[in-house]
Amino acid sequence: MKIDKENVISKEQIEEWKSQYGHVYRTYLEGTPIIWRRLRRKEYEEIIINTYDDDDSDNEENDDEEDPKKRAAMMYRRQNMIAKAAVIYPENAMELLESYAIAITNISDDVMAKSGFDMPKSEEL
């Protein structure tokens, strides 16, 4: 990896990431660059499927959408999984992101937006 001690990422490293992942983005957290990429559709599907509790999936009476605590826990798990899937640098990114209450939520929201979930609204012709 072509990164110096001051967290300066070389153009070569950026180009390598772009060739591997397509679009890559940088967010700073207290001067440390967090490099992340878009999610692919298959990754998003896996995250959605894996954030439901196995015990609850067959029980129609137990609707997670109606239980605010379960919904919040599911959203928290989903945000963590999105961040883990999308962040490519630094290696200790999740530890760094965990040290701030809202950082994972912010990264997760940015990833979702750049992955196509913040598309312009349709307009009537």
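Student: Which residue is the bridge partner of Trp 36 in strand 3?

Tutor: This is a predicted model, and the pairing is read from it. Strand 2 (residues 32–37) and strand 3 run antiparallel and are joined by two bridges. One of the pairs places Ile 35 with Tyr 89 of strand 3. For Trp 36, the bridge partner in strand 3 is Val 87.

Student: In what order do the three strands lie in the open sheet?

Tutor: Strand 1 (24–29) and strand 3 (87–89) are the edge strands, each pairing on one side only. Strand 2 pairs with strand 1 over six bridges, in the antiparallel sense, and is joined to strand 3 by two bridges. Neighbouring strands are turned against each other by 40° on average, direction ignored. The order is 1-2-3.

Student: Which residue in the turn of the hairpin has a positive phi?

Tutor: The hairpin is formed by strand 1 and strand 2, with two residues between them. In the turn, a positive phi of about 50° belongs to Glu 30.

Student: How many of the residues of strand 2 are buried?

Tutor: Consider each face in turn, with buried meaning under 20% relative accessible area. On one side Thr 32, Ile 34 and Trp 36 are buried, and on the other Pro 33, Ile 35 and Arg 37 are buried. Both faces of strand 2 are therefore covered. The count of buried residues is six of six.

Student: Which strands does helix 5 touch as it packs on the sheet?

Tutor: Helix 3 lies across strand 2 and strand 3, running at about 40° to strand 3. Helix 5 also packs on the sheet, and its direction makes about 40° with that of strand 2. The strands that helix 5 touches are strand 1, strand 2 and strand 3.

Student: Are helix 3 and helix 5 roughly parallel or roughly perpendicular to each other?

Tutor: Helix 3 (residues 68–86) and helix 5 (residues 103–117) pack with their axes 9 Å apart, at an angle of about 70°. Angles of 65 to 115 degrees count as roughly perpendicular. The two helices, helix 3 and helix 5, are therefore roughly perpendicular.

Student: How many nonpolar residues does the contact of helix 3 with helix 5 have?

Tutor: Helix 3 passes helix 5 in a left-handed crossing. Helix 3 contributes Gln 79, Asn 80, Ile 82, Ala 83 and Ala 86, while helix 5 contributes Ile 104, Thr 105, Ile 107, Ser 108, Val 111 and Met 112. By class, four residues of this contact are polar and no residues are charged, and the number of nonpolar residues is seven.

Student: Is Ala 113 buried or partly exposed?

Tutor: Ala 113 belongs to helix 5. Because the relative accessibility of Ala 113 is 32%, the residue counts as partly exposed.

Notes:
Residues numbered from 1 in each chain as written. Predicted model: local features only at pLDDT ≥ 70, side-chain atom pairs only at ≥ 80, totals over all residues. Heavy atoms only, no water. Axes fitted to C-alpha atoms, helices over the stretch in contact; angles between N-to-C directions. Helix = DSSP H or I, 4+ residues; strand = E, 2+ residues; numbered from the N terminus. Parallel < 35°, antiparallel > 145°, perpendicular 65-115°, else oblique. Left-handed = near helix turned anticlockwise from the far one by under 90°. Contact = heavy atoms within 4.5 Å. Nonpolar A, V, L, I, M, F, W, Y, C, P; charged D, E, K, R; others polar. Pairing = 2+ DSSP bridges. Buried < 20%, exposed > 50% of the residue type's maximum accessible area, 1.4 Å probe, protein only.
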